[in-house]
Amino acid sequence: MTETTKTAAGSPDESGAAAAEELRTLLLSRIQDVPDYPQPGVMFKDITPLLADAAAFGALTEALAELCVRHRADKVVGLEARGFILAAPAAVRAGIGFVPVRKAGKLPGATLGQAYELEYGTAEIEIHADALEPGDRVLVIDDVLATGGTAEASLQLIRRAGAQIAGVAVLLELGFLDGRGRLLAALDSAPLEALITV
């Protein structure tokens, strides 16, 4: 006869929530606020101290790789430029491919481009035309979700390439800028995962 005992950590849901809070605390402790950068009145969230800390960067990479697995991603798209730093190691850890989405004019060969609106003007991002296969499930990874313009444009590029959206994952969501609201329609019920929301 087998006896089942409850661990001191509680239910799996409780231990998962505790682990998520522990991760959040670790990551936040390594993100530095830089006032008045790049202009007066802006509080810049600098992730370079986090990247310089092997334990914190490793924990972040593991968390993003777990999201790749959970959402059954075949490829990871990283958004220029800090998204590359987070997405590439997560893709390697998850055992899947990494695809960079770059500013227009930075990729050689045939590309797909997508213009999007900025506060003042427009910008364009590109992906290699053959980087994604029809039916690929793609997880977009970036460092920060602010207004959501770049992420929204990347979702449009992925769909134009014939791939499917597995979701969007970010280290930090600036909730007061409502990028989440902008992305809802473009996500079309795919998940948006933010490890930290401020």
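**Close-up views of a predicted chain**

**View 1. Surface and burial in the predicted model.** The accessible surface of the chain, computed by the Shrake-Rupley method with a 1.4 Å probe, comes to about 10,500 Å², of which carbon and sulfur atoms contribute 54%. Of the 198 residues, 39% are buried, where buried means under 20% relative accessible area, exposed over 50%, and partly exposed in between (1.4 Å probe, protein chains only). This is a predicted model in which local features need pLDDT of at least 70 and side-chain atom pairs count only at pLDDT 80 or more, while totals for chains, interfaces and linings use all residues. Residues are numbered from 1 along each chain as its sequence is written, and side-chain values use heavy atoms, with hydrogens and water left out.

**View 2. The loop between β1 and β2.** This loop, which separates β1 (32–35) from β2 (43–46), holds Pro38, and the peptide bond from Tyr37 to Pro38 is cis, with omega near 5 degrees; strands are DSSP runs of E with at least two residues, and helices are runs of H or I with at least four, numbered from the N terminus. Asp36 lies in the loop between β1 and β2, has a phi near 60 degrees, and counts as partly exposed at 48% relative accessibility.

View 3. Glu80 and Ala81 are joined by a cis peptide bond with omega about -5 degrees, and Ala81 is placed in the loop between β3 (75–79) and α4 (82–94).

**View 4. Ser189 in the loop between α6 and β9.** Ser189, located between α6 (179–187) and β9 (192–197), has a positive phi of about 75 degrees although it is not a glycine, and is exposed, with a relative accessible area of 74%.
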